[in-house]
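Below is a short report on one protein model and its ligand.

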Amino acid sequence: MGKQVEILPVIKADAYGHGALPIARELIRAGARRAAVATLEEGVELREAGVQIPIVLLGGLLPRQAPQALTYRLTPFIYDLRTAEALSQAWDREQKEPESHRIGARGRISVHLKVDTGMGRLGIPYTHVLEFLEALSAYPGIEVEGLATHLATADEPDPAFAKTQINRFRKVCDQIERTGYRIPFYHVASSAGIFSSQEAHFNMVRPGIALYGIPPSLNLTSVPPLKPVMRIKTEILFLKSVAPGTSIGYGRSFMTARESLIATLPVGYYDGYSWSLSNRGRVLVRGEKCPVVGRVCMDLCMVDVSQVPEACVGDEVVLLGNQGTQQITAIDLAAWMGTIPYEVVCSVGRRVPRIYLSNGDVICVRGQDQVYRWRDT
Ligand SMILES: *Cc1c(COP(=O)(O)O)cnc(C)c1O
């Protein structure tokens with residue numbers, strides 16, 4: 001991005017299913033000075049785990065959540081004066097508390113103003129930002145650190161509407177500058193904006209999906225090759241040879257046409273292996289793509305491994321990632337599921353243990369018990 005552009009890495013939704021805390025630690029090790037999540041609860045969880053860098057809340061903040069946002073020193077996006085008022089009141093109360101010399105307690109609360117330039121989701125209408133800023137001066141304790149907007153079509157081949165949004169945003173920035181008001185960060189671009197146009201960079205960007213090695217869209221020709229971070233694997237739990245005309249799973253939606261070798265995997269839709277992959281998904285066994293047969297169950301699914309007669313119980317099965325010369329990408333899974341790659345990684349279930357590797361070494365494991373074990377380095 002160059003030195004002029006600050007990076008605000010997005011680790012909402014448990015870092016797109018990858019695990020927010022280990023990813024936050026890795027980002028900090030790599031030099032990240034701040035990070036963003038969606039909700040107050042996500043921010044609190046990171047703070048309680050000891051993450052100290054500024055954490056921006058990209059989602060909405062209700063007035064009743066203002067005291068907690070202040071207590072945990074979170075940096076909310078705001079677009080509603082009622083939330084600003086609640087933040088200011090919480091700040092004022094904190095000033096009056098005798099024990100308010102806790103770390104940072106005397107500082108003002110940083111916020112980023114969210115501007116709606118055409119996304120139609122959250123934000124101050126772009127025509128009313130100056131008014132909002134003026135009204136905000138009635139609420140002491142609030143410091144505007146950023147001004148942000150979000151593009152609705154940055155991932156589409158036609159750049160016209162994204163340009164319109166960027167122009168609206170730039171006009172707002174100019175108006176603000178002319179009044180002499182100083183806001184440190186102006187930001188617009190998520191991953192798609194980063195790759196689609198330099199115009200969208202301003203002095204801060206908010207990459208999410210690209211951090212995890214997944215292209216934000218197949219429409220953008222300017223995305224460099226990215227390396228996926230996540231690989232999902234399981235193993236064959238049970239294997240059986242069945243006669244032609246044998247039905248597999250709920251509803252008997254699959255019937256073998258020939259003698260078949262059917263493997264059962266300990267993975268189901270609770271793990272994020274969607275029901276929509278029933279009779280559609282493919283997995284890798286001994287370097288071969290094998291089809292999911294029958295309906296995906298909550299905890300199990302079946303695959304036809306007849307093309308791999310040497311398959312054994314305990315064989316590695318790759319659901320996402322490489323094996324041998326073959327690979328299954330988040331884009332493939334999304335196509336089979338009728339969704340987008342974002343949802344594929346976000347849906348990986350809580351009970352799926354996450355194992356973190358660095359240069360092939362396990363650096364951390366997060367399992368069902370939510371215990372983190374870190375190598376002492
Ligand atoms: C999720 C989100 C991002 C990151 O988007 P990606 O497409 O994953 O890069 C950036 N900004 C906002 C406001 C978001 O909600």
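## Domains and ligand site

The C-alpha centres of domain 1 and domain 2 lie 41 Å apart. Domain 1 covers residues 6-212 and domain 2 covers residues 232-347 of the protein chain; these bounds come from an automatic or database domain assignment. This is a predicted model, in which local features need pLDDT of at least 70 and side-chain atom pairs count only at pLDDT 80 or more, while totals for chains, interfaces and linings use all residues. Residues are numbered from 1 along each chain as its sequence is written, and side-chain values use heavy atoms, with hydrogens and water left out.

There are 13 residues around the ligand, and Lys12, Tyr16, Ser191, Ile209 and Tyr342 come nearest. A residue is near a molecule if one of its heavy atoms lies within 4 Å of it.

| Residue | Part of the residue | Distance to a ligand oxygen |
|---|---|---|
| Tyr16 | side chain | 2.5 Å |
| Ser191 | side chain | 2.5 Å |
| Ile209 | backbone | 2.7 Å |

On its own the ligand has 390 Å² of accessible area, and the protein covers 92% of it. Accessible areas come from the Shrake-Rupley method with a 1.4 Å probe; for residues, only the protein chains shown count as cover.

## Single residues

Tyr16 lies in helix α1 (residues 12-16). Helices (H or I, at least four residues) and strands (E, at least two) are DSSP runs, numbered from the N terminus. Tyr16 is buried, at 6% relative accessibility; buried means under 20% relative accessible area, exposed over 50%, and partly exposed in between (1.4 Å probe, protein chains only). The phi angle of Tyr16 is near 50°, a positive value in a residue other than glycine.

Phe202 also has a positive phi, near 45°. Its place is in the loop between α8 (191-196) and β9 (204-205), and Phe202 counts as buried at 19% relative accessibility.

Thr117 sits in the loop between β5 (109-116) and β6 (124-125). With a relative accessible area of 1%, Thr117 is buried. The side chains of Thr117 and Gln165 make a polar contact at 2.9 Å.

## Surface patch

Which residues form a nonpolar patch on the surface? They are Tyr269, Tyr270, Trp275 and Met298, together with about 450 Å² of accessible area. Tyr269 is in the loop between β14 (260-265) and β15 (282-285), and is partly exposed at 39% relative accessible area.

Note on methods: Patches are made of residues with over 30% relative accessible area and no salt bridge: like charges are joined within 9 Å, nonpolar side chains (Val, Leu, Ile, Met, Phe, Trp, Tyr) within 5 Å. A salt bridge is a side-chain nitrogen of Lys or Arg within 4 Å of a carboxyl oxygen of Asp or Glu. A polar contact is a pair of N or O atoms within 3.5 Å; within protein, one must be able to donate a hydrogen and the other to accept it, and residues adjacent in sequence count only if both atoms are side-chain atoms.
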